[in-house]
Amino acid sequence: MAQLFGPMKEASNSNSVIQIKDMEPKVFTALLSFVYTDSFPDMYEDKIKWLQGLFVAADRYDLQRLKFICVKQLSQRIGVSSVASTLALAEQHHCRGLKEACLKFIQVQSPSRLQRLMASNGWGHIVTTYPSVLNELIAMLASNQRK
């Protein structure tokens with residue numbers, strides 16, 4: 001409501017256009033499709049990036065069911081190349097379930113895959129922007145070694 005009727009609201013004539021910034025057209029199309037059909041839209045080729053964008057849009061517009069579906073889909077598609085960006089989104093949008101899925105994925109990786117992950121730009125972003133996540137991961141790994 002704040003996005004559409006708050007400070008961004010333009011003149012109230014019927015020809016007004018509301019500009020949605022910071023969202024790709026295919027993500028906005030999927031968001032509208034969900035709102036009007038109440039079903040998860042077809043995914044695009046770059047599934048991870050598209051899902052991440054749809055997750056952010058669902059959070060932005062408080063569409064909890066869509067956000068839940070996005071979390072489930074993202075959790076099932078975590079990979080070495082996407083885990084850092086997905087983890088950053090989970091932390092930024094306070095999504096505990098997605099964060100836990102990312103941390104569990106990292107936890108079971110081989111040393112060579114962990115090195116590849118830690119060499120990525122996305123991991124550097126996590127370390128500098130969200131150091132508490134690194135602390136959580138270290139604590140999780142340490143507790144597993146004790147078991």
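What share of the contacts with a separation of 6 or more joins residues 24 or more positions apart? I looked this up for the protein chain and got 59%. Contact here means heavy atoms within 4.5 Å.

**Ground rules.** I am working on a predicted model, where local features need pLDDT of at least 70, side-chain atom pairs count only at pLDDT 80 or more, and totals for chains, interfaces and linings use all residues. Residues are numbered from 1 along each chain as its sequence is written, and side-chain values use heavy atoms, with hydrogens and water left out.

**Overall layout.** I counted nine helices and zero strands in the protein chain. Helices (H or I, at least four residues) and strands (E, at least two) are DSSP runs, numbered from the N terminus. Along the sequence I read α-α-α-α-α-α-α-α-α. Of the 147 residues, 33% are buried. Buried means under 20% relative accessible area, exposed over 50%, and partly exposed in between (1.4 Å probe, protein chains only).

**Aromatic pair.** I searched the whole structure and found one aromatic pair. Phe40 and Trp50 form this pair, edge-to-face, at 5.9 Å centre to centre with 80° between the planes. Phe40 sits in the loop between helix 2 (25-37) and helix 3 (47-60), and Trp50 sits in helix 3, so the pair ties together parts 10 residues apart in sequence. The rule: rings of Phe, Tyr and Trp (its six-membered ring) pair if their centres lie within 6.5 Å; planes under 30 degrees apart are stacked, over 60 edge-to-face, the rest tilted. Phe40 is partly exposed at 24% relative accessible area, whereas Trp50 is buried at 1%.

**Helix 3 and helix 4.** I noted that two packed helices are described by the angle and the distance between their axes. The axes of helix 3 and helix 4 (residues 64-76) come within 8 Å and cross at roughly 155°. That makes helix 3 roughly antiparallel to helix 4. Axes are lines fitted to C-alpha atoms, for helices over the stretch in contact, with angles from 0 to 180 degrees between N-to-C directions. Angles under 35 degrees count as roughly parallel, over 145 as roughly antiparallel, 65 to 115 as roughly perpendicular, and the rest as oblique.

**Glu91.** Is Glu91 buried or exposed? I found it buried, at 17% relative accessibility. Glu91 lies in helix 5 (residues 83-92). Not counting residues up to four places away in sequence, Glu91 touches Lys99, Tyr130, Ser132 and Val133.
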